[in-house]
Amino acid sequence: MVYILLGTGFEEVEAIAPCDILRRGGVEVAFAGIGGQLVAGSHGIAVKADVTVEDIDREKLDMIVLPGGLGGVSSMEKSAAARDVIRWAWDNGKLVAAICAAPTLLSQLGITEGKRCVCYPGLEHEMGSAKMEDAATVQDGRLLTGRGPGAAIDFGLMLLKVLRGEQAAQQVQTGMVYHNA
């Protein structure tokens with residue numbers, strides 16, 4: 001099970017595109033809301049979460065995904081339950097993925113130390129000892145990161161590839177008629 005955290009002000013495309021891609025690839029995905037189940041994104045699009053962050057079933061958790069959006073990241077930072085489940089996922093060998101501004105939260109939690117990653121341009125100074133790369137997406141072991149909204153589809157395809165393999169990701173990409181530059 002993949003849980004995508006939604007905090008008020010999350011970047012909609014960074015949550016919806018990966019969810020859609022993963023579901024097309026046969027992966028079970030649930031949105032986990034911070035502060036309730038109806039969560040407003042940074043552009044006024046409200047999404048109804050499947051569960052609250054407190055109700056995440058850790059026994060089923062394979063991957064946790066953190067969309068960006070400064071408001072969404074701030075919501076995650078302020079939520080003890082969100083920080084706890086992210087830390088738990090990392091400490092228990094699960095996949096941890098973040099895009100845009102969200103990798104900065106992983107840096108605060110010590111998860112990106114010495115790891116190759118990307119984040120939204122201009123936030124690199126908040127990434128501590130992470131090894132910043134010039135790419136749309138980066139995988140370093142169990143850590144998966146994406147640059148920003150424009151990389152949301154590539155980010156979703158990377159997550160699917162890690163979970164279901166290259167062939168599954170290629171099939172979804174072809175079915176979506178997506179050709180990355």
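The model is predicted, so local features need pLDDT of at least 70 and side-chain atom pairs count only at pLDDT 80 or more, while totals for chains, interfaces and linings use all residues. Residues are numbered from 1 along each chain as its sequence is written, and side-chain values use heavy atoms, with hydrogens and water left out.

I start with the cores. A nonpolar core here is a set of buried Ala, Val, Leu, Ile, Met, Phe, Trp, Tyr and Cys residues joined through side-chain atoms within 4.5 Å. Buried means under 20% relative accessible area, exposed over 50%, and partly exposed in between, with a 1.4 Å probe and protein chains only. The largest nonpolar core has 32 residues, and L5, I56, I64, L66, M76, I86 and L106 have the most contacts inside it. At least two residues each come from β1, β2, β6, α2, α3, β7 and α4. Helices (H or I, at least four residues) and strands (E, at least two) are DSSP runs, numbered from the N terminus. The largest share of this core, five residues, is from α3. Another core, of 29 residues, lies apart from it and includes F10, L22, V39 and A97.

Next, helix α2, residues 70-78, which holds S75. Is S75 buried or exposed? S75 is buried, because its relative accessible area is 17%. Its side chain reaches the backbone oxygen of T8 at 3.1 Å; a polar contact is a pair of N or O atoms within 3.5 Å, where within protein one must be able to donate a hydrogen and the other to accept it, and residues adjacent in sequence count only if both atoms are side-chain atoms.

Now helix α1, residues 12-24. Its end C-alpha atoms are 18 Å apart, which agrees with the 18 Å its 13 residues should span at 1.5 Å a residue. That expected span is 1.5 Å times one less than the number of residues. Buried residues of α1 are E12, E14, A15, A17, P18, C19, I21 and L22. Among the elements covering them are β1, β2, β7, α5 and α6, with contact meaning heavy atoms within 4.5 Å.

Last, the backbone. Just after α1, G26 takes a positive phi of about 85°. Most residues other than glycine have a negative phi. C100 is not a glycine, yet has a positive phi of about 70°. C100 sits in the loop between β7 and α4 and is buried, at 8% relative accessible area. V177, in the segment after α6, has a positive phi near 55°, and counts as exposed at 61% relative accessibility.
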